[in-house]
Structures are given as structure tokens and as C-alpha cells.
Amino acid sequence: MRRIGDIWQRLGTNGARSGTSGSGWRTFLYAAAPIGVLVALINTLNIITTLHNAPRYGLLAPVVWEGSSWISLMAFLWIPWTAFRLAPLTERPYWRAALVHPAGAVLFALAHVLGFIALRKLAYAAAGQSYVFGAFGPNFLYEFSKDGLGYILMIGGFTLIARLLQTPRTANDTTFTIRDGARIVRIPIDDILAASSAGNYVEFALRDGRKPLMRSPLSAIESELAPHGFVRVHRSWLVNPARMTGLTPNGSGDYTVELGALSVPLSRRFPGALARLRAA
């Protein structure tokens, strides 16, 4: 079962000062700005189209309709963002994304529609009129056809921005910076045996026996160490295959990875890791 602390880490709320922990909110902000501008442009085009095709409505009504839609969409942008953080398209297991994103799309569309209906009713009431959305079922399906496409584009945008914000390490960069509280420690990559999730922190097992802690989600550390060959062998563990001294089967498809005196579980849920370690 996923711990609540791990979920908050994935959402980018751990408050860490490391170079990786703040990237989550930067991804959200950098994606939210163009999304807001693009949707505003679409809303403006819709207003112009309505004025041309149905001038009887005047200017105020389409402005209220499109403005309420924009406000509601931006207010509930956190729904696709949360789904993206819980189930990134580029991370395994892929079945998690297949479960999370359809539900996220429906929830986002429902929140968006109910939000702009409420705003329109308030605006009409302020003008002494009443707003009628019509039959909810057919109209919601119509709105969902648009919101569903928008949801897909948002997830794609989050994925693209997150990839662009990643800082790849060069082949010559053979050290890793660990921020253990107020202390900054630069460790040779080769001296890191493994890294494990420890609540809101990641604990590093070093070759000299030290175990410094760094406030960060394990997924962020994985993205930095993966280019150096580190492998995810368990939901809570990364290992350095170059330091593996043994690989022992435990039955039922699980293994134990031996890294000198350190033993790390290898879950059968990570068959790719087993293949990597066998080839190491």
C-alpha cells in the first residue's frame, strides 16, 4: 500500500530545498501559464463566433459563458495535475496510468461543468435573471468530449514540461550532491550502494557505512541516478548494479540483492530490474 507521505511527495509538496524537489511546482506553473493563455484564446474565438452567428445574445452573455468556463477550468487544473503526479505516463507500472487518467478525466470534466454552471447562475442572478443549463446528461457528454481532449493535452503538456526541466547529468559528472539537513555532501557515484525511501526522506547507503538522509521523493532521486546505471528493484529501493556482489532467489519470483554487507529486496514486480542485474 502506498504511504500517504509518498503520495504527498509525488504531488511535489515535500518542501525540500534540493535541486529536484522544487521541479514539481515549476512544472505545474510553467504548464499552467500557456494552458491559461491558450484556453483564453479559444474562449475569445468562441465569443467572436457567437457574436457573428447569434448576435441576438449581445456581448455580455457570451462573455459570461466563456469567462465562467475559463475560471472554472483554471480553478480545477489541479485535478489533471494531481493525476499526472500520481501516474506519470513515463513511469512504470503503466497500468496505474490506465486506471488513474480515465477517472481523472471524468472528475475534471464534472468539476469544470459544475463550476461554470455555478458561476453562470451567480452572474445571471446578479442581473436579476436565471440561467438554465438544460438536460445535464446530454450536455455533460458534449462538454466531456471537449474536456476529455483538453485533459489529454494537459497531461501531455505536463509530461513535456517535466522532461524539459530535467537537468541531465553528463558522463563526466561522477559525483552526487546529498543535502543532509543543512550539510551538503558530495559523494562519488561509485560510493553509493543503494538508496531507499524513508518517509519524507531518502536514505543513502554508502560504501564506507554512512547513511545520510536527504529530504526528497525517491522518484526524483531515481531520475538523477538512473543515467548512472542505478536500477529500481522495489518501490522503496534503488541499487547500484556496479556494487552488486550477489543475487539470491527467495521463491515466488522475489530475490535478494547483495551489495557487500547490505541486502536489498528485489520484487517480482520489477522484472526489468532482474534482467538488468543478471546482465551486470
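The model is predicted, so local features need pLDDT of at least 70 and side-chain atom pairs count only at pLDDT 80 or more, while totals for chains, interfaces and linings use all residues. Residues are numbered from 1 along each chain as its sequence is written, and side-chain values use heavy atoms, without hydrogens and water.

The largest nonpolar core holds 19 residues. Such a core is a set of buried Ala, Val, Leu, Ile, Met, Phe, Trp, Tyr and Cys residues joined through side-chain atoms within 4.5 Å, where buried means under 20% relative accessible area (1.4 Å probe, protein chains only). Among those with the most contacts inside the core are Ile 35, Leu 73 and Met 154. Beyond its neighbours within four places in sequence, Met 154 is in contact (heavy atoms within 4.5 Å) with Ile 35, Leu 73, Leu 77, Pro 80 and Phe 108.

Helices are DSSP runs (H or I, at least four residues), numbered from the N terminus.

| Helix | Residues |
|---|---|
| α2 | 23-53 |
| α4 | 78-86 |
| α5 | 94-126 |
| α6 | 136-165 |

Just after α5, Gly 128 has a positive phi of about 75 degrees.The second largest pocket has 29 lining residues, including Leu 73. A pocket is an open set of 1 Å grid points, over the protein atoms alone, where a 1.4 Å probe fits, with protein on both sides within 12 Å along at least five of seven lines; lining residues have an atom within 4 Å of a point.

Note on methods
Buried means under 20% relative accessible area, exposed over 50%, partly exposed in between (1.4 Å probe, protein chains only). Helices (H or I, at least four residues) and strands (E, at least two) are DSSP runs, numbered from the N terminus.
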